[in-house]
Amino acid sequence: TLLNRGIALMALQRFEGALASCKQSLALRPGHAAALPIQGVILHELGLFEEAVANYDEALALRLNDVELLYHRARAFTELRRFEDALASCETALTGRPGFAEAFNQRGVVLRELRRFPEALASFRKAQKLRPDFVDAHRNEAQLYLLAGDYRSAWWKYDQQSKPGAVALLV
């Protein structure tokens, strides 16, 4: 199907072709609940964040409080520097799935941008507790320390992660 073709092209990072396939699929089946989120991810990858948000909103109208959609919309809102909207999407996603490590990490990113460092740190640590191998959450914690001017903690975090068996931050 066109949607499967779009997914395959997305996996190959051929986003323009993937977007064309998704658009064709949606032209045949407007509001297709499976195609809309995929198209949103492709739009995000292409840097079309406003369009991605609109796409996620359309999909959320069909699948109310879908935590994956809320998470992806939060990512797009963050790219648009619409941090309060991003935070609201993260909070709603976490209400729906309290163990969603990616949403905790994204929440931390948003809180870091809002300079709410203690809350950001708590979010990154919650993400790491849920998924100890979550590289982005470890990296984001180290970056938070740097941004806050806590160079000793930043160095400690990087040093801890460079030990054998640790999650590699410098990937």
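In the predicted model, helix H1 (residues 2-11) packs against helix H2 (residues 15-28) at an angle of about 165 degrees, and the axes of the two helices lie 8 Å apart. Because angles over 145 degrees count as roughly antiparallel, H1 and H2 are therefore described as roughly antiparallel to each other. The crossing in which H1 passes H2 is left-handed. On the H1 side, the contact is formed by Leu2, Leu3, Arg5, Gly6, Leu9 and Met10. These residues meet Phe15, Gly17, Ala18, Ser21, Cys22, Gln24, Ser25 and Leu28 of H2. Sorted by class, the residues of the contact of H1 with H2 comprise eight nonpolar, five polar and one charged.

Helix H1 also packs against helix H3 (residues 35-45), with the two axes coming within 11 Å and crossing at roughly 25 degrees. Since angles under 35 degrees count as roughly parallel, H1 and H3 are therefore roughly parallel to each other. H1 passes H3 in a crossing that is left-handed. From H1, the residues Leu3, Ile7 and Met10 take part, and they are met by Ala35, Ile38, Val41 and Ile42 of H3. The contact of H1 with H3 consists of seven nonpolar residues, with no polar and no charged residues.

Helix H8 (residues 117-130) and H9 pack at an angle of about 160 degrees, and their axes are 9 Å apart. By the criterion of over 145 degrees, H8 and H9 are therefore roughly antiparallel to each other. A left-handed crossing is formed by H8 and H9. The H8 side of the contact contains Phe117, Ala120, Leu121, Phe124, Arg125, Ala127 and Gln128. The residues of H9 that they meet are Ala137, His138, Asn140, Glu141, Leu144, Tyr145 and Leu147. In the contact of H8 with H9, nine residues are nonpolar, three are polar and two are charged.

With regard to the overall fold, the protein contains ten helices and zero strands. The order of elements along the sequence is accordingly written as α-α-α-α-α-α-α-α-α-α. Taken along the principal axes, the box filled by the C-alpha atoms of the protein has dimensions of roughly 55 × 30 × 25 Å.

The largest pocket has a volume of about 210 Å³. Its lining is made up of His44, Tyr71, Arg75, Thr78, Glu79, Glu102, Asn105, Gln106, Val109, Phe134, Asp136 and Asn140. At least two residues of this lining are supplied by each of helix H5 (67-79), helix H7 (101-113) and helix H9 (135-147). By class, three residues of the lining are nonpolar, five are polar and four are charged.

Note on methods: Residues are numbered from 1 along each chain as its sequence is written. This is a predicted model: local features need pLDDT of at least 70, side-chain atom pairs count only at pLDDT 80 or more; totals for chains, interfaces and linings use all residues. Side-chain values use heavy atoms; hydrogens and water are left out. Axes are lines fitted to C-alpha atoms, for helices over the stretch in contact, and angles run from 0 to 180 degrees between N-to-C directions. Helices (H or I, at least four residues) and strands (E, at least two) are DSSP runs, numbered from the N terminus. Angles under 35 degrees count as roughly parallel, over 145 as roughly antiparallel, 65 to 115 as roughly perpendicular and the rest as oblique. A crossing is left-handed if the near helix is turned anticlockwise from the far one by less than a right angle, and right-handed if clockwise. Contact means heavy atoms within 4.5 Å. Ala, Val, Leu, Ile, Met, Phe, Trp, Tyr, Cys and Pro count as nonpolar, Asp, Glu, Lys and Arg as charged, and the others, Gly among them, as polar. On a 1 Å grid over the protein atoms alone, a cavity is a set of points where a 1.4 Å probe fits but cannot get out, and a pocket is an open set with protein on both sides within 12 Å along at least five of seven lines; lining residues have an atom within 4 Å of a point. Grid points are joined across faces, edges and corners, and a volume is the space filled by probe spheres set on the points.
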